[in-house]
Amino acid sequence: MSDILLKYMKLGYQYLVNHVLAFLLIPTAIAVAVEILRSSPARWNSFAIDPIHILFTSFLAVFIATVYFMSKPRSIYLVDYACYKPPVTCRVPFSTFMEHSRLILKDNPKSVDFQMRILERSGLGEETCLPPAIHYIPPTPTMDAARGEAETVIFSSIDSLMKSTGLKPKQIDILIVNCSLFSPTPSLSAMIVNKYKLRSNIKSYNLSGMGCSAGLISIDLARDLLQIHPNSNALVISTEIITPNYYKGSERAMLLPNCLFRMGGAAILLSNKRRDRSLAKYKLVHVVRTHKGADDKAYKCVYEQEDPQGKVGINLSKDLMVIAGEALKSNITTIGPLVLPASEQLLFLFTLIGRKIFNPKWKPYIPDFKQAFEHFCIHAGGRAVIDELQKNLQLSAEHVEASRMTLHRFGNTSSSSLWYELGYIEAKGRMKKGDRVWQIAFGSGFKCNSAVWKCNRTIKTTSDGPWQDCIHTYPVHIPEIVKI
């Protein structure tokens, strides 16, 4: 009974605080209106109308309106996006992955056992995919194979996006590509320009080395460019090319990425055109970026290096989750005031003051971000990442369902995982007009980046997309340990 009473007290508090302005302004407006109506007609007749005053007032109103609309940031719309779906020929069941590991690491059975333990607890399913070059024994990570993977993933995503939106290559004004570990010459952005014969005056950018959070960095860059280039379209490509980055050594900290990272990519179309407002799926509300690279531990917690045998791989530090938690706290501190209702901000402020003045042992108040967002897209970096964020943000199983199911079906697709998660929510028919979405990503450096979107229209389930043939089977139960 006390729990129910406490729940309703909190709901009443939230409603009162969040609508305090209405409660104050409405009685004030009524009182002013009554006073005006009670005024004598003679008082109204005493006011003389001066044409000069009218002209000056009109000019001032027009001037203020002009300054306001010229200084107001342009609205950025997400027209649509498309995710790459690998063919079944690239599928890597657990049995295949472990068989290859035993053959490749036949002289190091401890490393094989380590990979098996990681895979059993990873949260990945049997349908994740690796590029063709990794299916060979031993893998053949040649430059041609890496380019082949990049072309397949990127071109397929762009073709799907162009088909769904009717976008023509000549209509693309800005091109941004992010791929952290594969950075050939000519660049991937140049590869796209060549393939689709884009305009010679296109503004193209190629971001590399920025980790799994680079997708939101690309969105932030596109937003800034669309602010200064009116009536423009921006095409953003987020991917990670696995072929040249498959680690063939035996260091445990560097074997982790082999178990988690899989093929994937996404193409996103952004626009600042007013006519796209009614067609677009989402409107960009906020982008918040946090960089902890000034700290040495944070800088080196995801680090590309050579092992003692000279084999290159990505070393994931054992402090990674602690550092990610600190980065998340910094990011939340910035984004909280932008999105949280007044009731949550006041509770957080009162708790902070109480800890500083009265008792430092008071439990810190964790804002209820469920008051600010209907949907959460947490980077599917691994089961531990999702677990940690679910715990820290006090989210329900449904709130992290999209992240867990994306990890299970597609694995860690790096910066593009957020778009597979958004696609899952849409495929389930859960995205309604006015819903708010919080995308959270982590990346090397160390970075935590957030993007907030607002749904423009209720999104109907479609017959295409990466989830089309399996959405009816999800969500699935994912056990703590899958025996291989």
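A pocket here is an open set of grid points where a 1.4 Å probe fits, with protein on both sides within 12 Å along at least five of seven lines. With that in hand, let's walk through this predicted model, starting with its largest pocket, which holds about 1,200 Å³ of space. Of the 50 residues lining the largest pocket, Phe 261, Val 302, Ile 314, Leu 316 and Leu 320 come closest to its centre. The lining of this pocket comprises 27 nonpolar, 17 polar and six charged residues.

Helix H10 gives the most, with six residues.

H14 (residues 383-392) packs with H15 (residues 401-410) at about 175 degrees, their axes 10 Å apart. Angles over 145 degrees count as roughly antiparallel, so that is how H14 and H15 run relative to each other. At the contact, Arg 383, Ile 386, Asp 387 and Gln 390 of H14 meet Ser 403, Arg 404 and Leu 407 of H15. By class, that is two nonpolar, two polar and three charged residues.

Now turn to the second largest pocket, with about 930 Å³ of space. Its lining has 38 residues, and the closest to the centre are Asp 80, Tyr 81, Ser 164, Lys 281 and Asp 464. Strand E1 (77-83), helix H7 (143-165) and helix H16 (417-427) each supply at least two lining residues here, and H7 gives the most, with six. The lining of the second largest pocket divides into 15 nonpolar, 12 polar and 11 charged residues.

How values were computed. Residues numbered from 1 in each chain as written. Predicted model: local features only at pLDDT ≥ 70, side-chain atom pairs only at ≥ 80, totals over all residues. Heavy atoms only, no water. Axes fitted to C-alpha atoms, helices over the stretch in contact; angles between N-to-C directions. Helix = DSSP H or I, 4+ residues; strand = E, 2+ residues; numbered from the N terminus. Parallel < 35°, antiparallel > 145°, perpendicular 65-115°, else oblique. Contact = heavy atoms within 4.5 Å. Nonpolar A, V, L, I, M, F, W, Y, C, P; charged D, E, K, R; others polar. 1 Å grid on protein atoms, 1.4 Å probe; cavity = no way out; pocket = protein on both sides within 12 Å on 5 of 7 lines; lining within 4 Å. Points joined across faces, edges and corners; volume = space filled by probe spheres on them.
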